Amino acid sequence: MRAAIVEAPGKVSVTTVPDPTPGPRDVVVSVASCGLCGTDLHILQGEFAPTLPIVPGHEFAGEIVGVGRDVTELAVGDRVAVDPSLHCHECRYCRVGRGNLCERWAAIGVTVAGGAAEYAVAPVANCVKLPEHIDVKDAALIEPLSCAVRGYDVLNSTLGAEVLIYGSGTMGLMMLELAKRTGAAGVDVLDVNPDRLATAALLGCSRSAAAADELDRPGGWDVVIDATGNAAAIQDGLGRVAKGGTFLQFGVADYAARAVIEPYRIYNQEITITGSMAVLHSYERAAALFAAGVLDPAVFISDRLPLDAYPQAIDRFKAGIGRKIVVQP
């Protein structure tokens, strides 16, 4: 089969590799679409993945074409979206229900071969069957949506909050859509990319700007979400949190990124700084929200490229062009 391979830091290609074989409780998925995200750039930099080479792709969906001998829940021909999370279920964090913090954390497309290929293997427990009205080529959006759902689980948002989101890429736009549906009084979005900012306006954000100083809110925002991973944006966002407010680190920053906090202000103004890591008990809910139409795939997916164009897709994503880019084997 054809697959994208991150061979070494900074080096990615598409080549022919052996077809995958399912284990007893695995299925083989013929990949219909595989999304690219910031994590893929980190893997390309040599971060996250413990060893290279690796077949990337943790956002994918497709049709089951093979099942392991002990699989009874799904059958060949079923269309599924795949939760990439691989938890050990044995460590302290797994035992207390925090599998996303697993001491042996792994993920399809991050630590084991993923969906940037014609075929991918996944545990049957990680597959969510798609309803008939869902186009499987759009269902790669479910995984990033599940991360956004997890983010809002962490926030425990209150009704009437004023929200500020840094970044209007895929994740920032998903956080916007969820903020609108979780009782926010207003959702402002910042981005230096005017095309992406225009999409935020199209989706109904309250206000949009290139910088927070362009918006009139001297008291700050109740909820500030960084969906960029950019150190400068994070630093600015920490200073925009209102008294009693919350800052959510949602974007994936480089390992070397640093930000300065003001301990007295955090204490005196009861500011909460928190993070949201990947997926936790949120994939099925994201699939249900997606089936209910919470996202418009025509708005979110800007580029559909063939698998053989994976290196070009990575370059396009790195350059900040478009919104969600998917490859379709």
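**Close-up 1. Val252 lies in a loop of this predicted model.** The loop runs between β14 (241-249) and α7 (263-268).

**Close-up 2. A nonpolar patch sits on the surface.** Three residues form this patch: Phe48, Val252 and Tyr255. Together they have about 270 Å² of accessible area. Val252 is the loop residue of the previous view.

**Close-up 3. Strand β10 is largely enclosed by the rest of the structure.** β10 covers residues 162-166. How many of its five residues are buried? Five of the five are, so the strand is largely enclosed. Both faces are covered. Glu162, Leu164 and Tyr166 are buried on one side. Val163 and Ile165 are buried on the other.

**Close-up 4. β10 pairs with strand β11 in the parallel sense.** β11 spans residues 186-190. Five bridges link the two strands. Which residue stands opposite Ile165? Look for Val189 in β11. To get from β10 to β11, the chain passes through helix α4 (residues 170-181). This β-α-β crossover is right-handed.

**Close-up 5. β10 also pairs with strand β13.** β13 spans residues 221-226. This pairing is parallel too, over four bridges. Tyr166 is one of the buried residues of β10.

Key: Residues numbered from 1 in each chain as written. Predicted model: local features only at pLDDT ≥ 70, side-chain atom pairs only at ≥ 80, totals over all residues. Heavy atoms only, no water. Patch = residues over 30% accessible without salt bridge, like charges linked within 9 Å, V, L, I, M, F, W, Y side chains within 5 Å. Areas by Shrake-Rupley, 256 points an atom, 1.4 Å probe, with all protein chains shown as cover. Salt bridge = Lys/Arg side-chain N within 4 Å of Asp/Glu carboxyl O. Buried < 20%, exposed > 50% of the residue type's maximum accessible area, 1.4 Å probe, protein only. Pairing = 2+ DSSP bridges. Right-handed = clockwise from strand over helix to strand, strands pointing away.
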